[in-house]
Every structure is written in structure tokens, then in C-alpha cells.
Amino acid sequence: MNKVYSLILLLGFVNCSTWDDVEEYQQPPELSAEETTDTEFKQLPSIKIDTYSKQIIDDPKIKGFLEIYDGKEKIEEHNIGIEIRGSSSQFFDKKSYGFETWDEAGDDINVSLAGYPEEEDWILYGPYSDKSLIRNVLIYNLSNQIGRYATKTKFYNLEINNIFLGAYVLME
């Protein structure tokens with residue numbers, strides 16, 4: 001008897017909406033030319049790395065130069081040593097990178113990169129297997145919000161040697 005009531009209830013819900021209602025909700029709003037050029041959607045800040053034409057490998061770190069931009073404004077720049085990070089993730093199309101901030105002589109130095117606390121070791125995480133791009137960032141932020149320490153994260157567009165690589169997560 002419960003199956004009959006469930007079927008009647010289901011058919012009642014189906015009859016309450018028409019295809020016209022469904023199509024109305026699926027249509028995106030029309031935007032004028034002025035609205036599409038408006039800066040309603042803020043572009044991610046960018047990290048640009050120059051490795052002086054050397055290929056980044058797993059080990060050892062190679063010398064590079066990092067610049068952080070917010071729009072077209074350069075916010076900061078640092079000498080770095082960079083390498084590919086990870087084990088099985090090195091086989092992904094989108095690599096993750098570990099880097100250290102260096103002084104002119106190539107020695108590690110602690111810096112406050114992107115407003116994070118001073119540190120010398122940093123990660124540019126390329127969320128390849130996470131198609132949503134947000135799983136780690138979401139959990140780390142939730143952990144910090146409830147008072148439990150977790151790595152601080154921020155999204156950046158990454159460019160290495162003038163090649164755009166996509167959205168990456170800077171992690172302390």
C-alpha cells in the first residue's frame with residue numbers, strides 16, 4: 001500500500017511543474033556588451049616564474065625568479081629555488097611545485113610571501129585529480145575557521161617561462 005501512495009505522491013509532484021517552468025529556469029540571463037566588460041568577476045592574482053629557460057625537474061631545485069601580480073600591478077618579487085613536487089602526482093599533466101625563497105647567493109631566507117607568515121618553503125599545488133579545484137582549500141579553510149591550525153591557501157593563475165599553466169593553490 002505504501003508503494004501506491006508513493007507513486008501517487010511522485011506523480012503529483014511531476015504534474016505541478018510544466019516544461020515551460022523548467023526552460024525558464026535553465027535560460028541564463030542576457031547580458032549587454034557593457035555588462036560583459038564590467039569587472040563583476042574578479043580575476044585571480046597571478047604568479048609568474050622565470051627559470052632562465054631551464055626545465056624544472058624533481059631534484060635538485062633550480063634557480064628561478066618569482067613575481068606576484070594583482071591585475072597588472074606587481075606586488076612582490078623573490079629569488080627562488082624550484083622543483084617538481086610529489087610522487088605519483090609527478091605523472092599528472094598538471095605538476096605541483098615546491099620552492100624555497102632564496103637570497104642572491106642561493107641560501108634559504110624566510111620571507112612573508114603573499115601576506116603569509118615568514119617561511120622559506122612554499123608549495124604551488126596543481127589540483128589535477130580534484131576537478132572541482134577546491135577540496136583541499138575548502139577543508140583547510142574550514143579547519144582554520146573552527147580554530148584548528150591548517151595550511152593557509154590562496155588561488156593564483158600560474159605562468160612559468162611565459163606559459164600559462166592554469167589555476168594553482170599557493171600553500172605555506
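A salt bridge here is a side-chain nitrogen of Lys or Arg within 4 Å of a carboxyl oxygen of Asp or Glu. Side chains of opposite charge can pair when their charged atoms come close. A search of the whole structure finds five such salt bridges.

This is a predicted model, in which local features need pLDDT of at least 70, side-chain atom pairs count only at pLDDT 80 or more, and totals for chains, interfaces and linings use all residues. Residues are numbered from 1 along each chain as its sequence is written, and side-chain values use heavy atoms, leaving out hydrogens and water.

**First stop.** Select Glu83 and Lys61: they form a salt bridge, with 3.2 Å between the closest N and O atoms. Glu83 lies in strand 3 (residues 73-85) and Lys61 in the loop between strand 1 (46-50) and strand 2 (62-70), so the pair ties together parts 22 residues apart in sequence. Strands are DSSP runs (E, at least two residues), numbered from the N terminus.

Show Lys61, Glu83 and Glu100 together, and you have a network of salt bridges.

**Now colour by accessibility.** Buried means under 20% relative accessible area, exposed over 50%, and partly exposed in between (1.4 Å probe, protein chains only). Glu83 is buried at 15%, Glu100 is buried at 14%, and Lys61 is partly exposed at 25%.

**Last stop.** Select Lys74 and Glu67, a salt bridge with closest N and O atoms 2.9 Å apart. Lys74 is partly exposed at 37%, while Glu67 is buried at 17%.

Definitions and conventions:
Helices (H or I, at least four residues) and strands (E, at least two) are DSSP runs, numbered from the N terminus.
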